[in-house]
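This report describes a protein chain together with its ligand. Please look over the sequence and the structure below before reading on.

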Amino acid sequence: MEFVILAVVIALVAVGVISGLVVSGRKKKQLPPAPSSTPTITPPAEPHVGEEAETPREEPRRTIEEVGPPEAEAPAEEAPEAVEPEAPAAPALEVPEPTAGRLVRLRARLARSQNSLGKGLLTLLSRDNLDEDTWEEIEDTLLTADVGVAPTQELVERLRERVRVLGTRTPEGLRTLLREELLTLLGTDFDRAVKTESGLDTPGVVMVVGVNGTGKTTTTGKLARVLVADGRSVVLGAADTFRAAAADQLQTWGERVGARTVRGPEGGDPASIAFDAVKEGIAEGADVVLIDTAGRLHTKTGLMDELGKVKRVVEKHGPLDEVLLVLDATTGQNGLVQARVFAEVVDITGIVLTKLDGTAKGGIVVAVQRELGVPVKLVGLGEGPDDLAPFEPEAFVDALIGD
Ligand code: GDP
C-alpha cells in the first residue's frame, strides 16, 4: 500500500514538472526576441505627410495629450517597415487667379439674390405711391431673403424716414439711399482680412470649422489657392478624419498649388493631425497652416470635446490666428442655428458663406454677422477652384442692386 502511494506521488510530481516546463516554455515564446547587443532606436513614426499617407498604420494614433508632444514620444517599438510609395508623377502646378476684385468678377453668380432682393426692392421703391402696403412688401422681401427680423425693421425704418425727410422720389435717388442703408447693415468698418500672419517667426494658423457638407474642405482648398496666389506658402492639415474622402480631397487641392498636406489614418485623432500639421509648417518654414476639421453636430458636447481639443493641442505651438466658420448660405435659419452652436464651442473670428451662387437669400450675410458679431470674410460663389472671393460690402451691394 505504502509503495502504491509513493508511486502515485512520484507520478504526480513528474506530471507537475513536465507541465510547468510547458507553461514556462509558452511564456517564453511570448517574450519579444532578445535585443541584440547594441540597442537600436527606431525613430518615432513620422506624421503622415503627403504621399506617405498611404502607409497603413497598425495602431490608432494616441492623442497628443495622452502622450505629450511627439518629440517626447517613446520610440515606437515596432515601426512598420518603410514601404516606399510609388512616386506619383508630379502634377503640374496651377496658377490661381489673383484675389483682388474677385467678387466683382463673380457678381453675375449672385443673380438669384440680385433678382429677388436687389431688383425686388428697387421695383417696390419705384412705385408711384410708397404707401403702407408697399413698405410691408419691402419688409417681406427683406425677410424672404433671410436678412433677419431686427435688421429688416431697422432698414425699413431708416429708409422710410430718409425718403420722407429728403423727399427722394427719383429711381437714382432711391437706389442711392437703398445702397447706403444696405451698406450700413453690412457694416463697412469690420476688418475682413483673413488673419494669416502670426506676427512671430512661425506660420499663421487658421482653423476651418463647420458642419460637414457646408463646403468646409472645398473652402480650405480654395483658401490655400488664394494664399498661394498671394505668394504665401501653405501647409494643409487634414483633421477631418470623420469623412472618408476628406483627406484625399484636401490633398488634391493642395497638390494643385504645391501645398503639402499632413494627414493621418481614417478615423484617427484629429487633434494629433492638427498638431503635426503645425509642427510640419514650422519645420518647413511655411507662411500659413490651414487646418480642416470635422463638424459632426451629433451632440454639442461631442463637438465641443473634439474641436476644443484640436484647438488646445494646436495652441501648444502658439495661438490660433483665425477660426473660420463655414456656413452654407442655402440653409437659411438652420445655418444660424449652426452658427450659434459653433460660437459656443470655439471663438469664431470670421465667417465664410458658401453657395451664395445657389440661393436667392443673400440677406443671410447680414443675419449671420448680427448673430455672431463677427464679419463675413469670404464668400463661396461656385464649385470652381477660384470661386472663393474676399467679401467686400460695396461690391456685394452693387452686385445686388446694380451700380
Ligand atoms: P465639407 O463636408 O463641409 O467638407 O463639404 P465639401 O467641401 O466636400 O463640399 C460639399 C459640396 O459643396 C461639394 O460638392 C462642393 O463642391 C460644394 N460647394 C462648396 N462650396 C461651394 C460654393 O460656394 N458654391 C457651390 N455651388 N457649391 C459649393
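The model is a predicted one, and the distances given here are computed from its coordinates.

**The ligand and its surroundings**

| Residue | Atom of the residue | Atom of the ligand | Distance |
|---|---|---|---|
| Threonine 218 | polar side-chain atom | oxygen | 2.4 Å |
| Glutamate 383 | side-chain N or O atom | oxygen | 2.5 Å |
| Glycine 382 | backbone N or O atom | nitrogen | 3.3 Å |

On its own, the ligand has 580 Å² of accessible area, and the protein covers 81% of this area.

**Threonine 293**

Threonine 293 belongs to strand 5, which covers residues 288-293. Is this threonine 293 buried or exposed? Threonine 293 counts as buried because its relative accessibility is 1%, and the limit for a buried residue is under 20%. The side chain of threonine 293 reaches the backbone oxygen of valine 208 at a distance of 2.7 Å. Beyond its neighbours within four places in sequence, threonine 293 is in contact with several residues, including Met207, Val208, Val209, Ala239 and Asp240.

**The chain as a whole**

The chain has 403 residues, of which 47% are buried. Its secondary structure consists of 14 helices and 9 strands. Of the contacts between residues at least 6 apart in sequence, 77% join residues at least 24 apart. The accessible surface of the chain is about 20300 Å², and carbon and sulfur atoms account for 56% of this surface.

**Confidence of the prediction**

The mean pLDDT of the chain is 80, with 77% of the residues at 70 or more. Among the elements, strand 7 (residues 350-354) has the highest mean pLDDT, 98, whereas helix 2 (residues 64-67) has the lowest, 35. Over residues 6-80, pLDDT stays under 50, and the model has 64 contacts beyond four places in sequence for this stretch.

Key
Residues are numbered from 1 along each chain as its sequence is written. Side-chain values use heavy atoms; hydrogens and water are left out. A polar contact is a pair of N or O atoms within 3.5 Å; within protein, one must be able to donate a hydrogen and the other to accept it, and residues adjacent in sequence count only if both atoms are side-chain atoms. Accessible areas come from the Shrake-Rupley method with a 1.4 Å probe; for residues, only the protein chains shown count as cover. pLDDT is the predictor's confidence in each residue, from 0 to 100. Helices (H or I, at least four residues) and strands (E, at least two) are DSSP runs, numbered from the N terminus. Contact means heavy atoms within 4.5 Å. Buried means under 20% relative accessible area, exposed over 50%, partly exposed in between (1.4 Å probe, protein chains only).
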